[in-house]
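Trainee: Could you take me through one part of this protein in close-up? I would like to look at the core and the charged groups around it.

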Amino acid sequence: MNKKGIIVAIILLVVALGINCFVAAGNKEAKMDEKNLQIVTAPDQKEAQENEQFTIAEYVPEEIPGTNVARKGHCEANGYNDVYPATYANDGSPEGTSYWEGPAGEEAILTCDLKEAFNIHTIKMALNPMPIWAKRTQTMSISVSEDGENFKEILPSADYVFDPKAGNEVVVHIDEVKAKYVRLNITKNTGATSGQIAELEVYSNDK
């Protein structure tokens, strides 16, 4: 065998040894993977399942005793924005564009005339329940009056959270008080430039 043939043979031998080492290393790694392999058995799933972290409990509105005496009353305000007047605040529907929105950038004052004096015990405020009405906080105080001139604050200014997960409703229970007028003074709304109320309900056991 000449010198050139010897060199070629040596090269082929080196390549063959290299391939054998590579294969052996691969087999060893495969055996290690098999040794460390953990088999997980999937549950017997016969129907669709949903991760409980992504499920939202269905909101069930609170049952309030008595009658909503604001329904037949008359609402007025210190102003309104765009096409959302105070008369929408007690028309029986919080859906769609049926809501009152106060004057932009100003304190919003909504007053409901109940037409006659009632002993009231609960006030419910609602916004449109659709998720597009994102969660927001409104800061307000609540006052009542028997003559429409002299108002008494029954609840000082506080933050009320309106959350579509909770029907975008806020229910406030108060010590029973006689009132012909109920007034909301809204000073801040994190979701709009002024106060918003789609439906104001005032409950009494007188009827």
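Mentor: Happy to. Helices (H or I, at least four residues) and strands (E, at least two) are taken here as DSSP runs, numbered from the N terminus. On that basis the protein chain has one helix and nine strands, and from the N terminus the order is α-β-β-β-β-β-β-β-β-β. Please keep in mind that this is a predicted model: local features need pLDDT of at least 70 and side-chain atom pairs count only at pLDDT 80 or more, while totals for chains, interfaces and linings use all residues. Residues are numbered from 1 along each chain as its sequence is written, and side-chain values use heavy atoms, with hydrogens and water left out.

Let's start with the chain as a whole. Of its 207 residues, 35% count as buried, where buried means under 20% relative accessible area, exposed over 50%, and partly exposed in between (1.4 Å probe, protein chains only). Taking contact to mean heavy atoms within 4.5 Å, we can look at contacts between residues at least 6 apart in sequence: 74% of them join residues at least 24 apart.

Now to the core. A nonpolar core is a set of buried Ala, Val, Leu, Ile, Met, Phe, Trp, Tyr and Cys residues joined through side-chain atoms within 4.5 Å. The largest one has 36 residues, and Leu110, Leu114, Ile120, Met125, Leu184, Ile197 and Leu200 have the most contacts inside it. At least two residues of this core come from each of strands S4 (108–126), S5 (136–145), S6 (152–162), S7 (169–189) and S9 (199–204). Leu110 touches, beyond four places in sequence, residues including Trp100, Val182, Leu184, Ile197 and Leu200.

Met125 and Leu184 are 59 residues apart along the chain, and their C-alpha atoms are separated by 10.0 Å.

Asn168 counts as buried at 0% relative accessibility, and its phi is near 55°, a positive value in a residue other than glycine. Lys115, in strand S4, also is not a glycine and has a positive phi, of about 80°.

That brings us to the charges. A salt bridge is a side-chain nitrogen of Lys or Arg within 4 Å of a carboxyl oxygen of Asp or Glu, and the structure holds one. Glu169 forms a salt bridge with Lys124, with the closest N and O atoms 3.4 Å apart. The pair links distant parts of the chain, Glu169 being in strand S7 and Lys124 in strand S4, 45 residues apart. Lys124 counts as buried, at 10% relative accessibility.

Finally, look at Glu201 in strand S9. Counting Lys and Arg as positive and Asp and Glu as negative, with His and the chain ends not counted, Glu201 is buried yet has no salt bridge, and the nearest side chain of opposite charge, Lys124, is 4.1 Å away. The side chain of Glu201 does make a polar contact with the side chain of Tyr203, at 2.5 Å; a polar contact is a pair of N or O atoms within 3.5 Å, where within protein one must be able to donate a hydrogen and the other to accept it, and residues adjacent in sequence count only if both atoms are side-chain atoms. Leaving aside neighbours within four places in sequence, Glu201 is in contact with Asn68, Ala70, Thr122, Ile123 and Lys124.
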